[in-house]
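Open the model in your viewer and keep the selection tool at hand. The tour goes from one selection to the next.

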Amino acid sequence: MPTYQENQANVMKSVTKLLTTILIIAASTAQAATLTLSDGSSIKGDLQKVHAGVYYFETAFAGVLEIKQEQVVALESADPVFLRTGAGEVFQGPVMAGEGGEVTVASASGPVRAELGTVASAWKPGDRDPIIKAKEAALAGQMRKWSYQASVDISGSDGNTEEFGSMLAFQAKLEGPDDRLLMYANYTYKSTDGEATNDEQKGGIKYTNFVSGKWGWYIREELERDTFEEIDFRSTTAGGLSYKFIEEDRMTLEGNAGLSYRYESYTFDDPSDDDFAGLDFGLDFGWQFADWGKLVSNFTYVPSIDDFGDFLFTHESGVDIPLGTSEGWVLKIGLSHKYNSEPADASLESLDTTYFTRLILNWE
(Lines give C-alpha, C1' and ligand atoms only; values in the text may rest on other atoms or scores of the structure.)
Protein backbone atom coordinates (compact mmCIF):
# COMPACT_ATOMS: atom_id res chain seq x y z
CA MET A 1 0.00 0.00 0.00
CA PRO A 2 1.48 3.38 -1.01
CA THR A 3 2.58 5.63 1.77
CA TYR A 4 1.32 9.17 2.27
CA GLN A 5 4.55 10.56 0.82
CA GLU A 6 4.22 8.35 -2.28
CA ASN A 7 0.60 9.49 -2.78
CA GLN A 8 1.71 13.11 -2.55
CA ALA A 9 4.49 12.48 -5.06
CA ASN A 10 2.03 10.84 -7.50
CA VAL A 11 -0.37 13.78 -7.18
CA MET A 12 2.42 16.26 -7.90
CA LYS A 13 3.49 14.25 -10.97
CA SER A 14 -0.10 14.25 -12.27
CA VAL A 15 -0.45 17.99 -11.72
CA THR A 16 2.88 18.60 -13.45
CA LYS A 17 1.82 16.50 -16.46
CA LEU A 18 -1.51 18.34 -16.65
CA LEU A 19 0.13 21.77 -16.53
CA THR A 20 2.68 20.70 -19.14
CA THR A 21 -0.11 19.48 -21.43
CA ILE A 22 -2.02 22.76 -21.00
CA LEU A 23 1.10 24.80 -21.80
CA ILE A 24 1.82 22.69 -24.89
CA ILE A 25 -1.76 23.11 -26.11
CA ALA A 26 -1.68 26.87 -25.40
CA ALA A 27 1.65 27.24 -27.20
CA SER A 28 0.44 25.28 -30.22
CA THR A 29 -2.78 27.33 -30.30
CA ALA A 30 -0.93 30.64 -30.03
CA GLN A 31 1.42 29.57 -32.83
CA ALA A 32 -1.00 27.57 -34.95
CA ALA A 33 0.32 28.85 -38.29
CA THR A 34 3.64 28.70 -40.10
CA LEU A 35 4.88 30.90 -42.93
CA THR A 36 7.79 29.79 -45.10
CA LEU A 37 9.55 32.65 -46.81
CA SER A 38 11.46 32.79 -50.08
CA ASP A 39 14.80 32.90 -48.22
CA GLY A 40 14.03 29.52 -46.63
CA SER A 41 13.21 30.77 -43.15
CA SER A 42 10.04 29.82 -41.30
CA ILE A 43 7.99 31.92 -38.91
CA LYS A 44 5.53 30.47 -36.41
CA GLY A 45 2.63 32.50 -35.11
CA ASP A 46 -0.98 33.39 -35.85
CA LEU A 47 -2.31 34.50 -39.23
CA GLN A 48 -4.44 37.61 -38.67
CA LYS A 49 -5.34 38.42 -42.28
CA VAL A 50 -4.12 38.78 -45.85
CA HIS A 51 -5.05 42.02 -47.57
CA ALA A 52 -3.75 44.10 -50.48
CA GLY A 53 -0.76 41.82 -51.03
CA VAL A 54 0.37 41.80 -47.38
CA TYR A 55 0.32 39.01 -44.77
CA TYR A 56 -0.44 40.25 -41.25
CA PHE A 57 1.18 37.61 -39.06
CA GLU A 58 1.26 37.83 -35.26
CA THR A 59 4.35 36.43 -33.54
CA ALA A 60 5.33 36.02 -29.90
CA PHE A 61 8.68 37.75 -30.40
CA ALA A 62 7.82 40.78 -32.59
CA GLY A 63 4.08 41.36 -32.46
CA VAL A 64 2.26 41.64 -35.80
CA LEU A 65 4.60 41.43 -38.79
CA GLU A 66 3.61 42.78 -42.20
CA ILE A 67 5.11 40.52 -44.87
CA LYS A 68 4.74 41.10 -48.60
CA GLN A 69 2.85 38.31 -50.33
CA GLU A 70 5.57 37.66 -52.91
CA GLN A 71 7.95 36.72 -50.07
CA VAL A 72 5.66 33.89 -48.86
CA VAL A 73 6.19 30.49 -50.55
CA ALA A 74 4.21 28.26 -48.14
CA LEU A 75 1.41 28.62 -45.60
CA GLU A 76 0.20 26.17 -42.97
CA SER A 77 -2.49 26.80 -40.34
CA ALA A 78 -3.83 24.26 -37.85
CA ASP A 79 -6.68 26.64 -37.04
CA PRO A 80 -9.41 27.17 -39.66
CA VAL A 81 -9.11 30.33 -41.75
CA PHE A 82 -11.07 31.84 -44.63
CA LEU A 83 -9.30 32.16 -47.98
CA ARG A 84 -10.61 34.14 -50.95
CA THR A 85 -9.04 33.52 -54.35
CA GLY A 86 -8.66 36.08 -57.08
CA ALA A 87 -11.62 34.43 -58.86
CA GLY A 88 -13.84 35.25 -55.86
CA GLU A 89 -14.11 31.72 -54.46
CA VAL A 90 -14.09 31.47 -50.65
CA PHE A 91 -12.94 28.38 -48.71
CA GLN A 92 -12.79 27.73 -44.97
CA GLY A 93 -10.73 25.25 -42.99
CA PRO A 94 -7.23 24.36 -41.80
CA VAL A 95 -4.55 25.01 -44.40
CA MET A 96 -1.75 22.65 -45.43
CA ALA A 97 1.20 23.48 -47.64
CA GLY A 98 1.44 21.63 -50.95
CA GLU A 99 4.05 21.27 -53.65
CA GLY A 100 4.73 23.92 -56.23
CA GLY A 101 3.37 26.80 -54.21
CA GLU A 102 -0.05 25.25 -53.66
CA VAL A 103 -2.14 25.23 -50.49
CA THR A 104 -4.79 22.68 -49.54
CA VAL A 105 -7.79 23.87 -47.55
CA ALA A 106 -9.51 21.11 -45.55
CA SER A 107 -13.01 22.50 -46.11
CA ALA A 108 -16.24 20.89 -44.91
CA SER A 109 -16.97 19.66 -48.46
CA GLY A 110 -13.53 18.13 -48.88
CA PRO A 111 -9.95 19.24 -49.60
CA VAL A 112 -9.59 22.16 -52.01
CA ARG A 113 -6.32 23.07 -53.71
CA ALA A 114 -5.38 26.59 -54.77
CA GLU A 115 -2.26 28.45 -55.87
CA LEU A 116 -0.84 30.46 -53.00
CA GLY A 117 -0.24 33.40 -55.33
CA THR A 118 -3.96 33.57 -56.20
CA VAL A 119 -5.02 34.25 -52.58
CA ALA A 120 -6.66 37.69 -52.67
CA SER A 121 -7.52 37.86 -48.97
CA ALA A 122 -7.65 35.77 -45.81
CA TRP A 123 -9.21 36.27 -42.40
CA LYS A 124 -9.95 34.51 -39.14
CA PRO A 125 -13.38 33.04 -38.23
CA GLY A 126 -15.43 35.66 -36.44
CA ASP A 127 -13.83 38.44 -38.46
CA ARG A 128 -14.89 39.73 -41.90
CA ASP A 129 -13.31 39.74 -45.33
CA PRO A 130 -10.79 42.64 -45.32
CA ILE A 131 -11.64 43.38 -48.97
CA ILE A 132 -15.29 43.98 -48.05
CA LYS A 133 -14.29 45.99 -44.96
CA ALA A 134 -12.01 48.18 -47.08
CA LYS A 135 -14.79 48.80 -49.62
CA GLU A 136 -17.23 49.73 -46.86
CA ALA A 137 -14.69 52.11 -45.30
CA ALA A 138 -14.05 53.75 -48.69
CA LEU A 139 -17.79 54.12 -49.28
CA ALA A 140 -18.30 55.60 -45.80
CA GLY A 141 -15.51 58.08 -46.52
CA GLN A 142 -17.40 59.31 -49.58
CA MET A 143 -20.61 59.95 -47.65
CA ARG A 144 -21.55 63.13 -45.86
CA LYS A 145 -21.90 62.84 -42.11
CA TRP A 146 -23.61 65.05 -39.54
CA SER A 147 -21.81 65.98 -36.33
CA TYR A 148 -22.99 68.21 -33.50
CA GLN A 149 -21.44 70.24 -30.70
CA ALA A 150 -22.91 72.01 -27.67
CA SER A 151 -20.83 74.02 -25.22
CA VAL A 152 -21.15 76.20 -22.15
CA ASP A 153 -18.76 78.31 -20.12
CA ILE A 154 -19.57 80.24 -16.96
CA SER A 155 -17.25 82.52 -15.00
CA GLY A 156 -17.64 84.91 -12.08
CA SER A 157 -15.95 86.68 -9.24
CA ASP A 158 -17.06 88.23 -5.94
CA GLY A 159 -15.33 90.83 -3.79
CA ASN A 160 -14.45 94.40 -4.64
CA THR A 161 -16.07 93.78 -8.04
CA GLU A 162 -18.86 91.35 -8.81
CA GLU A 163 -18.50 89.84 -12.27
CA PHE A 164 -20.48 87.21 -14.08
CA GLY A 165 -20.10 85.80 -17.57
CA SER A 166 -21.61 82.97 -19.57
CA MET A 167 -21.66 81.67 -23.10
CA LEU A 168 -23.97 79.06 -24.66
CA ALA A 169 -23.20 77.73 -28.13
CA PHE A 170 -24.40 75.09 -30.55
CA GLN A 171 -23.21 74.02 -33.97
CA ALA A 172 -24.18 71.41 -36.54
CA LYS A 173 -21.85 70.31 -39.33
CA LEU A 174 -22.54 68.20 -42.41
CA GLU A 175 -19.22 67.18 -43.96
CA GLY A 176 -18.14 65.02 -46.86
CA PRO A 177 -14.85 64.52 -48.67
CA ASP A 178 -15.39 67.54 -50.93
CA ASP A 179 -17.74 69.93 -49.14
CA ARG A 180 -18.82 71.16 -45.70
CA LEU A 181 -21.94 72.86 -44.34
CA LEU A 182 -21.61 74.58 -40.96
CA MET A 183 -24.47 76.12 -38.96
CA TYR A 184 -23.90 77.76 -35.60
CA ALA A 185 -25.51 79.94 -32.94
CA ASN A 186 -24.29 81.36 -29.63
CA TYR A 187 -25.30 83.71 -26.86
CA THR A 188 -22.80 85.62 -24.71
CA TYR A 189 -23.56 87.65 -21.60
CA LYS A 190 -21.28 89.46 -19.16
CA SER A 191 -21.98 91.82 -16.28
CA THR A 192 -19.90 93.86 -13.83
CA ASP A 193 -21.51 95.02 -10.60
CA GLY A 194 -24.90 94.21 -12.05
CA GLU A 195 -24.42 96.21 -15.27
CA ALA A 196 -24.17 94.42 -18.62
CA THR A 197 -20.82 94.66 -20.34
CA ASN A 198 -21.61 92.19 -23.11
CA ASP A 199 -24.97 90.99 -24.41
CA GLU A 200 -24.59 89.38 -27.82
CA GLN A 201 -26.58 86.90 -29.91
CA LYS A 202 -25.00 85.54 -33.07
CA GLY A 203 -25.88 82.91 -35.64
CA GLY A 204 -24.59 81.96 -39.04
CA ILE A 205 -24.19 79.47 -41.83
CA LYS A 206 -21.18 78.73 -44.04
CA TYR A 207 -20.90 76.39 -47.00
CA THR A 208 -17.53 75.39 -48.49
CA ASN A 209 -17.03 73.28 -51.61
CA PHE A 210 -13.59 72.03 -52.67
CA VAL A 211 -13.93 71.56 -56.40
CA SER A 212 -10.29 70.78 -57.15
CA GLY A 213 -8.12 69.25 -54.43
CA LYS A 214 -6.97 72.11 -52.22
CA TRP A 215 -8.94 74.83 -54.03
CA GLY A 216 -12.60 75.57 -53.40
CA TRP A 217 -15.20 78.27 -52.94
CA TYR A 218 -17.34 79.38 -50.00
CA ILE A 219 -20.34 81.49 -49.12
CA ARG A 220 -21.41 82.55 -45.66
CA GLU A 221 -24.04 84.57 -43.86
CA GLU A 222 -23.83 85.79 -40.26
CA LEU A 223 -26.50 87.62 -38.23
CA GLU A 224 -25.75 89.42 -34.98
CA ARG A 225 -27.38 91.49 -32.29
CA ASP A 226 -25.33 93.22 -29.60
CA THR A 227 -27.31 95.24 -27.06
CA PHE A 228 -24.23 96.52 -25.24
CA GLU A 229 -22.66 97.84 -28.47
CA GLU A 230 -26.09 99.25 -29.44
CA ILE A 231 -26.20 97.08 -32.58
CA ASP A 232 -29.85 96.20 -33.13
CA PHE A 233 -29.07 94.14 -36.21
CA ARG A 234 -25.87 93.33 -38.09
CA SER A 235 -25.74 91.19 -41.23
CA THR A 236 -22.54 90.05 -42.92
CA THR A 237 -22.77 88.28 -46.28
CA ALA A 238 -19.55 87.04 -47.89
CA GLY A 239 -18.21 84.67 -50.49
CA GLY A 240 -15.01 83.87 -52.32
CA LEU A 241 -12.22 81.31 -52.61
CA SER A 242 -10.95 78.75 -50.09
CA TYR A 243 -7.58 76.99 -49.98
CA LYS A 244 -6.16 74.15 -47.87
CA PHE A 245 -2.59 75.15 -47.04
CA ILE A 246 -1.98 72.09 -44.81
CA GLU A 247 -4.01 68.89 -44.73
CA GLU A 248 -2.32 66.29 -42.54
CA ASP A 249 -3.47 63.83 -39.87
CA ARG A 250 -2.30 66.01 -36.99
CA MET A 251 -2.27 69.48 -38.55
CA THR A 252 -4.65 71.45 -40.77
CA LEU A 253 -4.57 75.03 -42.04
CA GLU A 254 -7.38 76.40 -44.20
CA GLY A 255 -7.90 79.96 -45.41
CA ASN A 256 -10.45 81.91 -47.38
CA ALA A 257 -10.57 85.30 -49.11
CA GLY A 258 -13.43 87.05 -50.84
CA LEU A 259 -15.87 89.96 -50.90
CA SER A 260 -18.39 90.92 -48.24
CA TYR A 261 -21.38 93.14 -47.62
CA ARG A 262 -22.14 94.36 -44.09
CA TYR A 263 -25.30 96.08 -42.93
CA GLU A 264 -25.85 97.56 -39.46
CA SER A 265 -28.82 99.18 -37.74
CA TYR A 266 -28.65 100.63 -34.23
CA THR A 267 -30.77 100.62 -31.10
CA PHE A 268 -30.63 104.44 -30.92
CA ASP A 269 -32.57 106.63 -33.38
CA ASP A 270 -30.52 106.80 -36.59
CA PRO A 271 -32.57 106.77 -39.80
CA SER A 272 -29.49 106.36 -42.00
CA ASP A 273 -28.08 103.14 -40.52
CA ASP A 274 -24.90 101.90 -42.25
CA ASP A 275 -23.89 99.46 -44.96
CA PHE A 276 -20.42 98.57 -46.18
CA ALA A 277 -18.96 96.77 -49.17
CA GLY A 278 -15.82 95.08 -47.97
CA LEU A 279 -13.36 92.24 -48.16
CA ASP A 280 -13.54 89.00 -46.22
CA PHE A 281 -10.58 87.02 -44.89
CA GLY A 282 -10.57 83.94 -42.65
CA LEU A 283 -8.08 81.43 -41.31
CA ASP A 284 -8.69 78.14 -39.44
CA PHE A 285 -5.83 76.22 -37.82
CA GLY A 286 -5.79 72.89 -35.98
CA TRP A 287 -2.79 71.10 -34.45
CA GLN A 288 -2.96 67.81 -32.55
CA PHE A 289 0.30 68.44 -30.70
CA ALA A 290 -0.25 65.55 -28.24
CA ASP A 291 -2.71 62.75 -27.59
CA TRP A 292 -4.13 64.76 -24.71
CA GLY A 293 -4.36 68.15 -26.41
CA LYS A 294 -5.29 69.91 -29.65
CA LEU A 295 -4.73 73.59 -30.43
CA VAL A 296 -7.59 75.16 -32.40
CA SER A 297 -7.49 78.76 -33.69
CA ASN A 298 -9.66 80.77 -36.05
CA PHE A 299 -9.44 84.33 -37.32
CA THR A 300 -11.78 86.56 -39.36
CA TYR A 301 -10.99 90.02 -40.76
CA VAL A 302 -13.67 92.04 -42.56
CA PRO A 303 -12.50 95.54 -43.68
CA SER A 304 -14.52 98.09 -45.62
CA ILE A 305 -13.39 98.67 -49.21
CA ASP A 306 -13.97 102.44 -48.93
CA ASP A 307 -12.12 102.75 -45.64
CA PHE A 308 -9.70 100.04 -44.51
CA GLY A 309 -9.69 101.72 -41.08
CA ASP A 310 -13.27 100.53 -40.64
CA PHE A 311 -13.14 96.80 -39.96
CA LEU A 312 -14.23 93.92 -37.73
CA PHE A 313 -11.67 91.42 -36.45
CA THR A 314 -12.44 88.29 -34.42
CA HIS A 315 -10.12 85.63 -33.05
CA GLU A 316 -10.39 82.60 -30.81
CA SER A 317 -7.67 80.17 -29.73
CA GLY A 318 -7.91 77.32 -27.29
CA VAL A 319 -6.60 73.92 -26.31
CA ASP A 320 -9.06 71.02 -26.45
CA ILE A 321 -8.45 68.42 -23.72
CA PRO A 322 -10.51 65.19 -23.87
CA LEU A 323 -12.09 64.19 -20.57
CA GLY A 324 -11.35 60.54 -19.88
CA THR A 325 -11.32 58.01 -22.69
CA SER A 326 -14.44 59.39 -24.37
CA GLU A 327 -14.09 61.78 -27.32
CA GLY A 328 -17.54 63.19 -26.58
CA TRP A 329 -16.65 65.37 -23.59
CA VAL A 330 -13.92 67.97 -24.05
CA LEU A 331 -12.56 70.76 -21.85
CA LYS A 332 -11.41 73.81 -23.80
CA ILE A 333 -9.17 76.49 -22.27
CA GLY A 334 -8.45 79.61 -24.29
CA LEU A 335 -9.13 83.24 -25.11
CA SER A 336 -11.01 85.24 -27.71
CA HIS A 337 -10.83 88.75 -29.12
CA LYS A 338 -13.36 90.92 -30.86
CA TYR A 339 -12.22 94.23 -32.31
CA ASN A 340 -14.59 96.79 -33.85
CA SER A 341 -12.48 99.67 -35.15
CA GLU A 342 -15.48 102.05 -35.17
CA PRO A 343 -18.02 101.09 -32.48
CA ALA A 344 -21.47 102.63 -32.73
CA ASP A 345 -20.94 104.37 -29.39
CA ALA A 346 -17.61 106.25 -29.27
CA SER A 347 -17.48 105.77 -25.48
CA LEU A 348 -17.12 102.01 -25.88
CA GLU A 349 -13.81 100.18 -26.08
CA SER A 350 -12.90 98.84 -29.52
CA LEU A 351 -11.35 95.62 -28.17
CA ASP A 352 -13.17 93.01 -26.15
CA THR A 353 -11.02 90.16 -24.73
CA THR A 354 -12.39 87.06 -23.05
CA TYR A 355 -10.55 84.29 -21.19
CA PHE A 356 -12.61 81.14 -20.87
CA THR A 357 -12.82 77.56 -19.70
CA ARG A 358 -15.46 75.77 -21.76
CA LEU A 359 -17.17 72.41 -21.41
CA ILE A 360 -17.97 70.87 -24.81
CA LEU A 361 -20.11 67.88 -25.77
CA ASN A 362 -19.58 66.34 -29.22
CA TRP A 363 -21.81 63.72 -30.79
CA GLU A 364 -22.89 62.35 -34.17
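Select D226 first: at 2% relative accessibility it counts as buried (under 20% relative accessible area; exposed is over 50%, partly exposed in between, with a 1.4 Å probe and protein chains only). This is a predicted model, where local features need pLDDT of at least 70, side-chain atom pairs count only at pLDDT 80 or more, and totals for chains, interfaces and linings use all residues. Residues are numbered from 1 along each chain as its sequence is written, and side-chain values use heavy atoms, without hydrogens and water.

D226 and K338 form a salt bridge, with the closest N and O atoms 3.4 Å apart; the term means a side-chain nitrogen of Lys or Arg within 4 Å of a carboxyl oxygen of Asp or Glu. D226 lies in strand β14 (residues 215-226) and K338 in strand β20, so the pair ties together parts 112 residues apart in sequence. Strands (E, at least two residues) and helices (H or I, at least four) are DSSP runs, numbered from the N terminus.

Next, select D179 and R144. Their side chains meet in a salt bridge (2.4 Å, N to O). Which of the two is buried? D179 is, with a relative accessible area of 10%, whereas R144 is exposed, at 52%.

Finish at E342, in the loop between β20 (329-340) and β21 (351-363). E342 is partly exposed, at 42% relative accessibility.
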